[in-house]
Amino acid sequence: AGTTVQMVKNLWGDVIIAPAGNGHIPAGISNTAVPAGTTDPQYFWCQTWGVCAAWQDEINAIGVALTSGTTAGQVEAWNTAAEMTLGWNIWTSADTENAPTFLRIAP
């Protein structure tokens, strides 16, 4: 009998700033701006679990499940099973402002 082996690249290596929409697997949320389009590697801290400030793409109530927003770098309400849930609002948010969010991307 044979054995199949697959190699998977680290999900947190060579991350990019998320484009708008849900065609990607989010790595986390950065607590600072990360320069885009540079040829030199950029190092930054990326939060994947726990309470953080998330940039909201719309007004969301407490307890709303969140996914990637239609604007790059923002989060919005989860709408369909095809979207990855990033976490939940723990405070009512205002459009285009940061709001406390409980992330649940990776423990």
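For the counts below I take Ala, Val, Leu, Ile, Met, Phe, Trp, Tyr, Cys and Pro as nonpolar, Asp, Glu, Lys and Arg as charged, and the others, Gly among them, as polar. The model I am reading is predicted.

**Entry: largest pocket**

I looked up the largest pocket and found about 1300 Å³ of space in it. Its lining has 48 residues, and V15, I16, I17, A18 and F44 lie nearest the centre. I then asked which elements give two or more residues to this lining, and they are β1 (29-30) and β3 (49-55). β3 gives the most, with three residues. Sorted by class, I have 28 nonpolar, 17 polar and three charged residues in the lining of the largest pocket.

**Entry: aromatic pair**

How many aromatic pairs does the structure hold? I find one. W49 and F102 make up the pair, which is edge-to-face, with 6.1 Å centre to centre and 75° between the planes. The angle counts as edge-to-face because it is over 60 degrees. W49 sits in strand β3 and F102 in strand β7, 53 residues apart, so I note the pair as a link between distant parts of the chain.

**Entry: T96**

I noted a positive phi of about 65° at T96, although this residue is not a glycine. Where is T96 placed? I locate T96 in the loop between β6 (87-89) and β7 (98-104). Its relative accessible area is 48%, so I record T96 as partly exposed.

Definitions and conventions: Residues are numbered from 1 along each chain as its sequence is written. This is a predicted model: local features need pLDDT of at least 70, side-chain atom pairs count only at pLDDT 80 or more; totals for chains, interfaces and linings use all residues. Side-chain values use heavy atoms; hydrogens and water are left out. On a 1 Å grid over the protein atoms alone, a cavity is a set of points where a 1.4 Å probe fits but cannot get out, and a pocket is an open set with protein on both sides within 12 Å along at least five of seven lines; lining residues have an atom within 4 Å of a point. Grid points are joined across faces, edges and corners, and a volume is the space filled by probe spheres set on the points. Helices (H or I, at least four residues) and strands (E, at least two) are DSSP runs, numbered from the N terminus. Buried means under 20% relative accessible area, exposed over 50%, partly exposed in between (1.4 Å probe, protein chains only). Rings of Phe, Tyr and Trp (its six-membered ring) pair if their centres lie within 6.5 Å; planes under 30 degrees apart count as stacked, over 60 as edge-to-face and the rest as tilted.
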